[in-house]
Amino acid sequence: MKLKISVMLLSIAFFGCKSKQNKTSYDAKSGATKIVNTLHYPQEKHLKNIKQLTFGGDNAEAYWSFDNKKLVFQASNVWDLECDQIFTMDINDDLSNGEKPQLVSTGLGRTTCSYFLPGNETIIYSSTHLADENCPPAPKKEDYGNKYIWPVYKGFDIFVADTKGNQLKQLTFEDGYDAEPTVSPKGDKIVFTSTRTGDLELFTMNIDGSDVKQVTNELGYDGGAFFSPDGTKLIFRSSRPKTEEEIKEYKDLLAEGLVQPTNMELYVCNIDGSDLRKITNLGSANWAPFFHPSGKKVIFSSNHKTKHSFNLFMINVDGSGLEQITFDTVFDAFPMFSPDGKKIVFSSNRNNNGTHDTNLFIADWVD
């Protein structure tokens, strides 16, 4: 899962759940609270012509087709869904009146982390539907000292479906968590996260599921990986416990199928795992990274600046030149540039009438 975050604003909040802070003002005469909806903040100079694509529920992890025309995304708390499911839409579709886009997952179990395959007619996604047709139970943070925790369900495997919802192929068969797949711009490789070696590590495989190779091997959660535009490098988020206390807590939670992704930094490496470099040292949760079209920068989501809100930031791959991109008061994440580099899609709690809705937005990108 790519931190399916409807909004994680608990103590630091986040690839998961929802708690929220609304932007409000007060009526001068009555003193009543008024919701202030904002589609585009003045400081957001890199974004132009922002357009809202979804209108209610939790919509996140939207990723482009290779031809720049479609998106595949996951949604919940809308259209009578019991659990997250995967949908596709054309970027010009109008969902403002509650229309339901094309369902491409089975409608069973819980899904996450979908991505288009070459040709734009098939997608990969992660699902628990073979392990159990029902939604897997969510852990209660009260049972873990009110800390934000995220489940890594062992029932997750990676599947291929077409854009009409026909289920075509299962790609992973290992016992344990296999999820978070994304596809190289070259169309030849998939990177994903798996517990098959006993820890949450990155692996690559061919798009048919063959030739699986381990990429990372250091203790800690490595996930949410994406390829560079030329397909030679990976950017990913990682929690790397160091102290005895941190290591014990990480291992104990993982034994229960859980992680606590509240302290994560970004790393870059070659697709074989060589030349591994940490590029952020900001503290808090830095995640959902994606390469800028130049391959020289990375855009990502972080709450390092304001603990109770996530915004998008950009940084050079050498760790220099940190720049804030969005200026929301609650939650912006899951940024992805279109393959042609002209647009960006992201998830946000902006413009939601003070509700808990997380919606998809696209904008023209201005360098």
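Four strands make an open sheet, in the order S4-S5-S6-S7, and their pairing is antiparallel. At its edges stand strand S4 (58-64) and strand S7 (102-103), each pairing on one side only. Keep in mind that this is a predicted model.

How many bridges join S6 to S7? There are 2, and the two strands run antiparallel. For a landmark, find threonine 88, which stands opposite glutamine 102 in S7. A word of background here. Strands of a sheet pair through backbone hydrogen bonds, either parallel or antiparallel.

Now a second sheet. Again 4 strands form an open sheet, here in the order S13-S14-S15-S16, with antiparallel pairing. Strand S13 (178-183) and strand S16 (213-214) stand at the edges. Each has a single partner strand, so one side of each is left without a neighbour in the sheet. Inside the sheet, look at S14, residues 189-194, and S15, residues 201-206. These two run antiparallel and are joined by 6 bridges. Threonine 193 stands opposite leucine 202 in S15.

Let's step back to the whole chain. The protein chain has 1 helix and 28 strands. Its C-alpha trace spans about 65 × 50 × 40 Å along the principal axes.

Next, the inside. In soluble globular proteins, nonpolar side chains tend to be buried together. Here, the largest nonpolar core has 69 residues. Which residues have the most contacts inside this core? They are Leu71, Ile124 and Ile299. Strand S28, residues 359-365, gives the largest share of the core, 5 residues.

Take leucine 71 as an example. Leaving out residues up to four places away in sequence, leucine 71 touches several residues, including Leu53, Trp64, Phe87, Phe116, Val345 and Ile362. Thr88 is also among the contacts of leucine 71. That is the threonine 88 from our opening sheet, the one opposite glutamine 102. There is also a second, separate core, of 13 residues. Among them are Phe156, Ala179, Leu200 and Tyr250.

On to the cysteines. A disulfide is a covalent bond between the sulfur atoms of two cysteines. How many disulfides does a search of the whole structure find? The search finds 1. Cysteine 83 and cysteine 135 form the disulfide, with their sulfur atoms 2.3 Å apart. The pair links distant parts of the chain, 52 residues apart. Cysteine 83 is in the loop between strand S5 (70-76) and strand S6 (85-90). Cysteine 135 is in the loop between strand S9 (122-127) and strand S10 (150-151).

Is cysteine 83 buried or exposed? Cysteine 83 is buried, with a relative accessible area of 3%. Cysteine 135 is partly exposed, at 28%.

The cut-off used here is within 2.5 Å. Cysteine 113 is buried too, with a relative accessible area of 0%. Cysteine 269 is in no disulfide either: the nearest cysteine sulfur, that of cysteine 113, is 18 Å away. At 1% relative accessibility, cysteine 269 counts as buried.

Last stop: two backbone angles. Phi of aspartate 80 is near 60°, a positive value in a residue other than glycine. Where is aspartate 80 found? Look in the loop between S5 and S6. Cysteine 83 is in that loop as well. Aspartate 80 is exposed, with a relative accessible area of 81%, whereas cysteine 83 is buried.

The other angle belongs to alanine 288. Its phi is near 50°, again positive in a residue other than glycine. Alanine 288 lies in strand S22, residues 286-291. Alanine 288 is buried, with a relative accessible area of 5%. So much for the tour.

Terms used
Residues numbered from 1 in each chain as written. Predicted model: local features only at pLDDT ≥ 70, side-chain atom pairs only at ≥ 80, totals over all residues. Heavy atoms only, no water. Buried < 20%, exposed > 50% of the residue type's maximum accessible area, 1.4 Å probe, protein only. Pairing = 2+ DSSP bridges. Core = buried A, V, L, I, M, F, W, Y, C linked by side-chain atoms within 4.5 Å. Contact = heavy atoms within 4.5 Å.
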